[in-house]
Amino acid sequence: DYKTPFGVKIDLETGVIPGANKLVRRLSDMRGYFLDEKAYEELLKEDPIVYEVYAIEQEEKEGDLNFATTVLYPGKVGKEFFFTKGHYHAKADRAEIYCGIKGRGGMLLQTPEGEAKWIPMEPGTVVYVPPYWAHRTVNTGNEPFIFLAIYPADAGHDYGSIKEKGFSKIVIEEDGEVKVVDNPRWKL
Ligand code: 6PG
Ligand code: NI
């Protein structure tokens, strides 16, 4: 049987997709992700929302597509800008497309061998995430960074190895500048 086509209007100011499933990630959901543990514990007293995801997802079948907006709030833990957890796809060869909607930031990508790439994003930037690359977005601005992601319905999420090892690069503010530098804790 054919599925029913539909259109939805993303609120370009807030990133909300009407009818979507909403997921909220607070700082307390991200223990161990940030480098500065003292700054993490301090900010945990407020336990701010780091990001929200509004997802419209289909059954996990090959050939179908999901899409989701992410609203990544501005903030830092120590010098490190707020970021999404980051993941490989569970089916690692599934690619993805991101499109910047509001605010400023970028995407960190990484191969399983630790080769990293930083792609700056602003409204209108389209990022191609090739098969096999882990991906994490970072808000380097002072307003919410909002983007749309479109990904295969059977891609899934594999958070494990990023949770353990992080990315080989970190994105920090130093001397008032955004810097992408080596992660001192990274090892393959
Ligand atoms: C996906 C997308 C994207 C991502 C969110 C939150 O595969 O679903 O990459 O929607 O999930 O931006 O990031 P995390 O999934 O890494 O927490
Ligand atoms: Ni993804």
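Analyst: Gladly! Helices (H or I, at least four residues) and strands (E, at least two) are DSSP runs, numbered from the N terminus. This is a predicted model, in which local features need pLDDT of at least 70 and side-chain atom pairs count only at pLDDT 80 or more, while totals for chains, interfaces and linings use all residues. Residues are numbered from 1 along each chain as its sequence is written, chains are lettered from A and ligands numbered from 1 in the order in which they are written, and side-chain values use heavy atoms, with hydrogens and water left out.

User: Which helix and which strand each supply at least two residues of the lining of the second largest pocket?

Analyst: They are helix 2 (160–165) and strand 12 (169–174). Helix 2 gives the largest share of this lining, four residues. The pocket has a volume of about 190 Å³. Its lining has 16 residues, and those closest to the centre are G32, K165, G166, N183 and R185.

User: What makes a space a pocket or a cavity?

Analyst: On a 1 Å grid over the protein atoms alone, a cavity is a set of points where a 1.4 Å probe fits but cannot get out, whereas a pocket is an open set with protein on both sides within 12 Å along at least five of seven lines; lining residues have an atom within 4 Å of a point. Points are joined across faces, edges and corners, and the volume is the space filled by probe spheres set on them. Strand 12 gives the most, with three residues.

User: How much space lies in the largest pocket, and what lines it?

Analyst: About 390 Å³ of space lies in the largest pocket. Of its 23 lining residues, V53, T70, H87, H157 and Y159 are the closest to the centre. Several strands each supply at least two lining residues, among them strand 2 (49–56), strand 3 (65–72) and strand 10 (134–139). By class, the lining has ten nonpolar, nine polar and four charged residues. Here Ala, Val, Leu, Ile, Met, Phe, Trp, Tyr, Cys and Pro count as nonpolar, Asp, Glu, Lys and Arg as charged, and the others, Gly among them, as polar.

User: What coordinates the nickel ion (ligand 2), and why is the arrangement called octahedral?

Analyst: The protein donors are H87 (NE2), H89 (NE2), E96 (OE) and H135 (NE2), at 2.1 to 2.3 Å. Donors are N, O and S atoms within 2.8 Å of the metal (3.2 Å for Na, K and Ca); water is not among the atoms, so sites may look incomplete. Six donors count as octahedral if opposite donors are over 155 degrees apart and all others between 65 and 115. The six donor atoms here subtend angles of 72 to 172 degrees, so the arrangement is octahedral. Along the chain, the donors follow the spacing H-x1-H-x6-E-x38-H.

User: How do you know whether H87 is buried or exposed?

Analyst: Buried means under 20% relative accessible area, exposed over 50%, and partly exposed in between (1.4 Å probe, protein chains only). H87 has 9%, so H87 is buried. E96 has 5%, so E96 is buried too. P5, in the segment before strand 1 (21–26), counts as exposed because its value is 72%. Y132 is partly exposed because its value is 48%.

User: Where does Y132 lie, and what is its phi?

Analyst: Y132 lies in the loop between strand 9 (126–129) and strand 10. Its phi is near 75 degrees, a positive value in a residue other than glycine. D47 also has a positive phi, of about 40 degrees, although it is not a glycine. D47 is found in the loop between helix 1 and strand 2, and is buried because its relative accessible area is 18%.

User: Why are F34 and F83 called a stacked pair?

Analyst: Rings of Phe, Tyr and Trp (its six-membered ring) pair if their centres lie within 6.5 Å; planes under 30 degrees apart count as stacked, over 60 as edge-to-face and the rest as tilted. By this rule there are five aromatic pairs. The ring centres of F34 and F83 lie 4.3 Å apart with their planes at 25 degrees, so this pair is stacked. The two residues are 49 residues apart and link distant parts of the chain. F34 is buried because its relative accessible area is 3%, and F83 is buried because its value is 2%. With F82, F34 and F83 form one aromatic cluster.

Technical notes: Four donors count as tetrahedral if all angles lie between 85 and 135 degrees; four count as square planar and six as octahedral if opposite donors are over 155 degrees apart and all others between 65 and 115; anything else is irregular.
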